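Good morning, and thank you for coming. I would ask you to look at the structure first, and I shall then take you through a few of its features.

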Amino acid sequence: MLMRFSLQRVKNLRAPQVLASANSRFSTATEPSFNHRNPPRVPNLIGGAFVDSKSTSTIDVINPATQEVVSQVPLTTNEEFKAAVAAAKQAFPSWRNTPITTRQRIMFKLQELIRRDMDKLAKNITTEQGKTLKDAHGDVFRGLEVVEHACGMATLQMGEYVPNVSSGIDTYSVREPLGVCVGICPFNFPAMIPLWMFPVAVTCGNTFVLKPSEKDPGASLMLAELAMEAGLPHGVLNIVHGTNDIVNAICDDDDIRAISFVGSNTAGMHIYGRASAKGKRVQSNMGAKNHGIVMPDANKDATLNALVAAGFGAAGHRCMALSTIVFVGDSKSWENNLVERAKALKVNAGIEPDADLGPVISKQAKERICRLVQSGVESGAKLLLDGRNIVVPGYEQGNFIGPTILSGVTADMECYKEEIFGPVLICMKIWQWCFYIHYIWCSCEEIPGRDRGWAGWHQCSHTSSLALFFIYRL
């Protein structure tokens with residue numbers, strides 16, 4: 001299935017004017033060359049116009065269920081990147097002086113348009129990223145909630161005033177926009193994470209440059225189109241594409257004031273270090289290793305449902321996926337039941353209505369997951385359920401991994417230390433839950449970055465006497 005971008009007529013777009021076409025690929029009045037290419041090239045968005053990059057270097061966007069090339073992403077040139085930043089910088093003075101109520105009204109319109117096109121967005125996400133249509137709708141909906149939050153920005157931007165803090169002295173604080181901000185997005189939530197970033201930033205009066213993942217950029221382009229249809233002025237939102245070079249350019253550009261990043265530890269630490277050294281504000285959200293404690297008195301059905309959903313949902317492609325189960329006391333009956341529940345899940349292409357989990361994003365991701373599973377086996381873990389060799393009829397070339405469960409895992413194993421980011425649950429056993437707290441505290445010290453706030457550790461407990469609690473190792 002080829003990627004389609006549903007472009008509605010946007011009155012305030014600069015030439016070439018974008019025309020309404022429910023099934024066209026970025027149709028324009030002047031019919032640029034990238035519109036006729038097959039597979040289509042993903043354009044930049046610079047100063048209110050979708051423009052084809054002059055770059056000859058491209059990355060294929062591949063449907064992970066079929067290996068079909070959906071589109072090609074040109075690597076934005078340095079000149080095009082500078083033009084996007086310049087457009088954002090030029091738009092900033094008038095945008096920051098736009099009344100907050102006007103900016104809010106654009107967000108009200110944007111959330112209406114996202115609801116209108118939710119099915120199109122979800123279908124695009126499933127095509128490019130692979131997750132099930134149900135998960136894709138959830139992806140869009142969680143982002144929509146942030147847009148709704150931005151609709152109330154007027155009260156959130158209020159400052160503070162304290163009279164007479166000392167003789168003849170009053171104090172007050174004012175919240176002001178920073179300027180040009182940038183968002184660098186991962187592949188696993190193509191709609192939600194861009195919507196975490198630019199709606200709040202622009203409603204506060206900033207302008208924005210978005211760099212979506214090169215693996216699934218379609219949703220970001222569609223959202224940008226909707227934002228302009230909602231009334232976002234030229235240059236307030238821009239989109240560029242690329243990998244390491246464009247990220248380094250973002251970190252080094254003197255006109256960029258703040259960066260928000262979501263992704264891997266390696267990339268996040270690099271961006272934080274390089275950009276903060278240039279005086280930028282950096283928000284770096286990285287990997288996590290999440291644990292669930294199962295107490296002996298836990299409700300079995302409710303707990304198993306929670307473990308299966310948290311461990312295998314979205315094919316494990318989420319930083320809040322449950323990767324480690326810690327059983328307090330005997331674990332054998334729990335593990336047997338867990339295997340039965342996991343076997344019942346349907347692995348299929350995300351577009352299929354019966355799919356419980358779809359493929360992982362790429363062949364490289366599948367190879368990494370399989371390697372970590374094998375490292376656990378070689379280190380002494382027991383493979384209770386092996387989903388590495390699953391074949392889905394009709395989608396034999398897809399990057400599928402079925403639910404996989406390892407037991408007898410210890411804290412010195414690579415599969416425990418690394419974020420697997422796939423549909424894999426590892427099982428551990430202790431005899432009293434209080435020892436677990438000490439166990440986690442000690443073992444996380446052995447993992448680089450865990451004690452410096454670079455990765456979150458999130459724990460939940462299933463028990464009849466204690467409903468749910470979280471421990472944050474930050």
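Let me begin with burial: a residue is called buried under 20% relative accessible area, exposed over 50%, and partly exposed in between, using a 1.4 Å probe and protein chains only. What is before you is a predicted model, in which local features need pLDDT of at least 70 and side-chain atom pairs count only at pLDDT 80 or more, while totals for chains, interfaces and linings use all residues. Residues are numbered from 1 along each chain as its sequence is written, and side-chain values use heavy atoms, with hydrogens and water left out.

I turn to the aromatic rings. Rings of Phe, Tyr and Trp (its six-membered ring) pair if their centres lie within 6.5 Å; planes under 30 degrees apart are stacked, those over 60 edge-to-face, and the rest tilted. The count by this rule is two aromatic pairs. Phenylalanine 187 sits in the loop between S7 and H6, and phenylalanine 421 in the loop between helix H13 (414–417) and S16, so the pair ties together parts 234 residues apart in sequence. Helices (H or I, at least four residues) and strands (E, at least two) are DSSP runs numbered from the N terminus. Phenylalanine 187 is buried, at 16% relative accessibility, whereas phenylalanine 421 is partly exposed, at 22%.

Next, the strands. Two strands pair if DSSP finds at least two bridges between them. Strand S15 (residues 404–407) pairs with strand S14 (residues 382–385) in the antiparallel sense over three bridges, and with strand S16 (residues 424–430) in the parallel sense, also over three bridges.

Finally, helix H3 (residues 118–129) contains threonine 127. Is threonine 127 buried or exposed? Threonine 127 is buried, with a relative accessible area of 6%. The threonine 127 side chain reaches the backbone oxygen of lysine 123 at 2.9 Å.

Methods
A polar contact is a pair of N or O atoms within 3.5 Å; within protein, one must be able to donate a hydrogen and the other to accept it, and residues adjacent in sequence count only if both atoms are side-chain atoms.
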